[in-house]
Amino acid sequence: MHKIILRITCGFIGSAALIGTPVAHAQASPSGNLKAAIIYNILRFVDFPDGNSSSNLNLCVKRGVASGSSLFSLQGKSAGPRKISVSFTDLSRGADNCDVVYLGQSDASEISRAKSGGVLIIGDGSGFLRSGGTVGLITTGKQTRFEISLKAARQSDVTISSKLLRLASRVVR
Amino acid sequence: MGRFDYSRINALPFRLKLNLLTGLTAAIALLLSCLGLIFLQYYNEQQETKLRHDQIASVISANVGAALLFLDKDAADENLASVAQVEDIHWIQLFDATGQKFARYTKSEKNGHALPNTGADSKISSPVLVDGDVVGTLEMGVHPRTIADIAAESSITALMLFLACLNLLKLKVTEICNN
C-alpha cells in the first residue's frame with residue numbers, strides 16, 4: 001500500500017527553535033541540531049512501557065556518531081512527564097537501562113545488540129528499518145525525513161502516536 | 001393629522017369591546033412570547049455554538065501539534081481543511097510559537113464558494129499544546145447566527161400565527177356586528 005509521502009522541511013533555524021535553547025556544544029553541526037530537534041519531537045509522541053514521571057527517559061547515544069554532540073542539548077528536556085537524560089555508550093555490553101538508543105549509521109548486528117536493552121532504536125539511513133531499527137532518519141540535502149517500523153515498535157512494546165505516523169515518509173507495518 | 005376619535009370606540013357594543021380587548025391582550029402576549037422565545041433560542045444557540053467551536057478548536061489544536069513541530073505544512077493544511085464542512089467557521093489559521101503564520105485555510109479560497117456577507121467574524125483562539133508546552137496558536141474566524149438570523153427564520157411561523165389570530169378576531173367581530 002502506498003503511503004502519502006509527507007516532506008519534513010525542517011531548516012536549521014527551525015530546528016534550533018524547536019530545541020528551544022542554543023546548542024552549547026562546540027562541535028554541534030546544523031544537521032546534528034536538526035536531527036536532535038527531530039529526535040526530541042519524535043520522543044514527545046512515543047509512549048514507553050513502564051514510563052512513569054519519576055524516572056528519567058534515558059537516551060543513549062552510540063559513542064562516536066556524528067550527531068552525538070548535538071543530541072546532548074536534549075539533556076534535561078521534558079518528553080511527556082519524563083526528563084531526558086543523555087548518555088554515551090559504546091554498546092559493547094548492549095544498551096542496558098536505555099529507553100532510547102541513537103545509533104547513527106549502523107548494521108543489523110549493532111541494532112540487535114542495542115535491542116537487547118534498549119526500547120526505541122533510532123538511526124540513520126534508508127536501510128535502518130530493514131536492519132531492525134524502529135525509527136530511521138533519512139537526510140536528503142537540507143531535508144530530513146523519518147521512517148517508522150511499527151513492527152519493531154510493537155516488538156519493543158512502544159506505542160507511537162498516530163499523529164507521528166501520519167508525518168512519517170514511510171511506515172513499515 | 002387629527003387626534004384619534006375615541007367616540008367611535010365608545011359607540012361600539014360592550015361585547016365587541018370586550019372581544020377586541022381580549023384579542024389585543026392575546027396578541028400582545030403572543031408577541032411577547034415570540035420575542036422571549038427568540039431571545040431564549042439566541043442565548044441557547046450562543047452557548048451551544050461557543051461550546052462546539054471550542055471543541056472543534058481543541059480537536060484541531062491537538063491534531064495539528066505534530067505537524068507544527070515537524071514543520072509539515074501539508075499535514076497542517078490538511079488538518080485545517082477539516083473545517084470545510086462546518087458552516088459557521090469561515091477561516092482558520094495556525095501560528096507557530098514565534099507568532100509567525102504557518103498555515104491558513106479560508107473557505108472562499110479553497111471551495112470556490114463566496115461566503116455570504118455576514119459582517120465581521122469573531123475570533124476564537126486556542127493554544128496548540130504538545131506535552132503541555134505551547135508550540136503554537138490556532139485562530140478561527142467564526143460567524144454564529146445573529147438574533148436577526150433567528151428572527152428572520154421564525155418570521156414565517158410568526159406571520160402565519162398572526163394571520164390566524166387576525167382571522168379569528170375578524171370572524172368574532174363580524175359575528176358580533178351581525179347580531
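Mentor: We'll go through the core and then the sheet.

Mentor: This is a predicted model, so local features need pLDDT of at least 70 and side-chain atom pairs count only at pLDDT 80 or more, while totals for chains, interfaces and linings use all residues. Residues are numbered from 1 along each chain as its sequence is written, chains are lettered from A and ligands numbered from 1 in the order written, and side-chain values use heavy atoms, without hydrogens and water.

Trainee: How many residues are in the largest nonpolar core?
Mentor: The largest nonpolar core has 66 residues. Such a core is a set of buried Ala, Val, Leu, Ile, Met, Phe, Trp, Tyr and Cys residues joined through side-chain atoms within 4.5 Å; buried means under 20% relative accessible area with a 1.4 Å probe, protein chains only. A:Phe146 and B:Leu94 have the most contacts inside this core.

Trainee: Which helix gives the most to this core?
Mentor: Helix 2 of chain B, residues 14–69, with 8 residues. Helices are DSSP runs of H or I, at least four residues, and strands are E runs of at least two, numbered from the N terminus.

Trainee: Switching topic, what is the strand order in the chain B sheet?
Mentor: The order is 2-1-4-3, in an open antiparallel sheet of 4 strands. Strands pair if DSSP finds at least two bridges between them.

Trainee: Which strands stand at the edges?
Mentor: Strand 2 (101–106) and strand 3 (122–130) of chain B each have a single partner strand, so one side of each is left without a neighbour in the sheet.

Trainee: And over how many bridges do strand 1 and strand 2 of chain B pair?
Mentor: They pair over 5 bridges, and B:Phe95 has B:Lys101 in strand 2 of chain B as its bridge partner.

Methods. Buried < 20%, exposed > 50% of the residue type's maximum accessible area, 1.4 Å probe, protein only.
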